[in-house]
Amino acid sequence: MRLEIERAGCGYGGKPVVEDVSLSLDSGDVLCLLGANGSGKTTLFKAILGLLRLRGGRILVDGADTASWPQRRLARTLAYVPQAHTPPFPFAVRDVVLMARTAHLGIFGSPSHRDAAIAEDAMEALGVSHLARARYTEISGGERQLVLIARALAQQSEFLIMDEPTSNLDFGNQVRVLRRIKELAGRKLGLLMTTHFPDHAFLCASRVAVLKAGKLLAMGRPEEVITGGQLEGAYGVSVRVVEVEAGLRVCVPGMS
Amino acid sequence: MLVEPRPAGCAEILEERRTHARRAGAPLIILGFGFLAAVWCSLMVGRYDVPLATWWRVLVAPERGGIAGIVLLQVRLPRILAGVLIGAGLATSGAAYQGLFRNPMVSPDILGASAGAGFGAAAGILLGFGIVGIECMSFAFGLAAVLLTCAAAGRLARSGDPILTLVLVGILVGSIFTALVSLTKYVADPYSKLPAITFWLMGSLAAIHVRDVEFALAPMLVGLVPLVLLRWNLNVLSFGEEEARALGAATGKLRWIIIFCATLLTVSAVSVAGMVGWVGLVIPHLARMIVGPDYRVLLPASLLLGGTYMLLVDDLARSILSTEIPLGILTSLVGAPFFLYLLMRTQRGWT
């Protein structure tokens, strides 16, 4: 399947935040969105998820405009992975994952045993089954992020929209989450994620897009897009991209 | 299909799930028995002593019950029914509001329902209406207060957090109606109407009549049934507007249905029994401590506990002193310290 963002524009009040951004994503792709704070990444995500109305352009799934889709249908196609958060009530992890099934239930419905089995399989896939009975509010940040990804998986959508899945995690958990992201792409899911670390794009992205002040600066394969010049343009600091070994690149910021 | 459900017949998983269902069901069954015990207790407690044997006689042949029949069927039974409806209604609406507003400190009068209903009743008493007139006024103004809150918040919420706007406007509308209640009291005849208004505002089930139960029953059911049916969506909504929408919940529609139903419950309770505070705040808390935050269990648990609590408090109200204590005073006197105790005991905050 193919998710296309076609010349999208959106914003709050009278202020445009994102203008004329076009992206596309196929099943099996990991598209990594880079950009400084306030460059419009989250706003663009909200527009894609139908939480914010588009000012211009279209969002297409396999060529069909999603503007008229009800929230339920949108949620069956696009699953959202928010940053690990703390809900006001101490739900059990298994119930948090089970919430993903809402898009597949009627308005008065409750999840069935089949839904519970799907949730359990999703937890299994992300390696968090042992947390099923734990309270979501009491597990670690890294575990919460994995649980939220499991929830998105249980939603059985074709695309996962992930808002900074590696932020606020320690180094080990960042790597664990990135490995899971690669695995999910292997299952033919399309993943769109933001990150503050260009290195993470090298590690797991098949394509990279760079946003600056609401406009698309560059898009393409990681080694084409993530260059010293592009990163300096996006973040305003000097960066060297070093090839450590064949096909393995890292970003080293200049400190002077 | 990216995640296929496991083939059925996997005994271990089925067994695990059965235990889960039992775990969720057991507390509800216990709460159900507690509720029945409270009903029985309320039938027994009172000035007029009715032995168990007389009970059966009255139930089998109500027309030959004599004084015992009148006491049981026309005084205690309606009062018990009203207490159950009011307790269950307030607790359920409190639980629903807490999920919708994602805040365990929210109570059913958050959008100004109680203040509006209080003013309606006070104005009804001031204008010399009969009891049905007073109840209708109370009901109408309670609903009007919430509609006013929602309409004003709807205009303001174009940009910004719709839930926060609702709460803030609710506080404003509530304080306007509270001021209007004070005004009504100020202009009321201090010898006849002022005491009546004051007494009504304290809340009581003393004057309950079968007719009051009939008056409150329909709106109570209209409020309760959709909330119980929507209990799964309440889980999803407690993750916040945007996340709930991304999960596929029709949040806009759901929000209004839940506000309407919870308000209907609060207003019908207040219009019949006056101001009965703290039930809608304390009971959902207590229920959450017993069964956890999952609304599939929490909502029925709140309903049962609310009914039980109201019956027990009413039993106290009519038995501690030789004159009856207004219910609202007792629910606050019992409710607030109990709430404090719950918070200190768990040390987990709002869990």
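How many salt bridges does the rule count over all chains? In this predicted model, the count over all chains comes to 22 salt bridges. Of the interface between chain B and chain A, the rule finds three salt bridges there.

The predictor assigns the complex an ipTM of 0.92 and a pTM of 0.88. For chain B, the pLDDT averages 85, and 90% of the residues score at least 70. Within chain B, residues 4-9 have a pLDDT below 50. Beyond near neighbours in sequence, this stretch of chain B has eleven contacts in the model. Where pLDDT is low, the predicted coordinates should not be read in detail.

The contact between the two chains involves 48 residues from chain A and 40 residues from chain B. The size of an interface is often given as the accessible area lost when the parts come together. Between chain B and chain A the buried area is about 4,200 Å², and carbon and sulfur atoms give 59% of this area. Ten residue pairs are in polar contact between chain B and chain A, counting pairs with both residues at pLDDT 80 or more. On the side of chain B that touches chain A, the elements giving two or more residues are α1 (11-44), α3 (66-100), α8 (210-229), α9 (231-237), α10 (241-246) and α13 (295-319). Of these, α1(B) provides the largest share, five residues. By residue class, this side of chain B comprises 18 nonpolar, 13 charged and nine polar residues.

Side chains of opposite charge can pair when their charged atoms come close. One salt bridge joins Arg296(B) to Asp95(A), with an N to O distance of 3.2 Å. Another is formed by Glu243(B) and Arg151(A), whose closest N and O atoms are 2.6 Å apart. This second pair crosses between chains, with Glu243(B) in helix α10 of chain B and Arg151(A) in helix α5 (residues 141-154) of chain A.

Chain A contains an open sheet of four strands, ordered β2-β1-β4-β5, in which the pairing is antiparallel. Strands β2 (15-26) and β5 (64-65) of chain A stand at the edges with a single partner strand each, so one side of each is left without a neighbour in the sheet. Five bridges link β1 (residues 2-12) of chain A to β4(A) in the antiparallel sense; at Glu4(A), the bridge partner in β4(A) is Leu60(A). Strand β4 (residues 56-61) of chain A is in turn paired with β5(A) over two bridges, also antiparallel. In that pairing, Leu60(A) stands opposite Asp65(A), and Val61(A) has Ala64(A) as its bridge partner in β5(A). The hairpin of β4(A) and β5(A) has two residues between the strands. In this hairpin Asp62(A) takes a positive phi near 50 degrees.

A further antiparallel pairing in chain A involves β11 (residues 239-245) and β12 (residues 248-253), which share six bridges. Here the bridge partner of Glu245(A) in β12(A) is Leu248(A). Two residues lie between the strands of the β11(A) and β12(A) hairpin, where Gly247(A) takes a positive phi near 80 degrees.

Terms used:
Residues are numbered from 1 along each chain as its sequence is written. Chains are lettered from A and ligands numbered from 1 in the order in which they are written. Side-chain values use heavy atoms; hydrogens and water are left out. pLDDT is the predictor's confidence in each residue, from 0 to 100. Contact means heavy atoms within 4.5 Å. Buried area is the accessible area (1.4 Å probe) that two parts lose on being put together, summed over both. A salt bridge is a side-chain nitrogen of Lys or Arg within 4 Å of a carboxyl oxygen of Asp or Glu. A polar contact is a pair of N or O atoms within 3.5 Å; within protein, one must be able to donate a hydrogen and the other to accept it, and residues adjacent in sequence count only if both atoms are side-chain atoms. Ala, Val, Leu, Ile, Met, Phe, Trp, Tyr, Cys and Pro count as nonpolar, Asp, Glu, Lys and Arg as charged, and the others, Gly among them, as polar. Two strands pair if DSSP finds at least two bridges between them.
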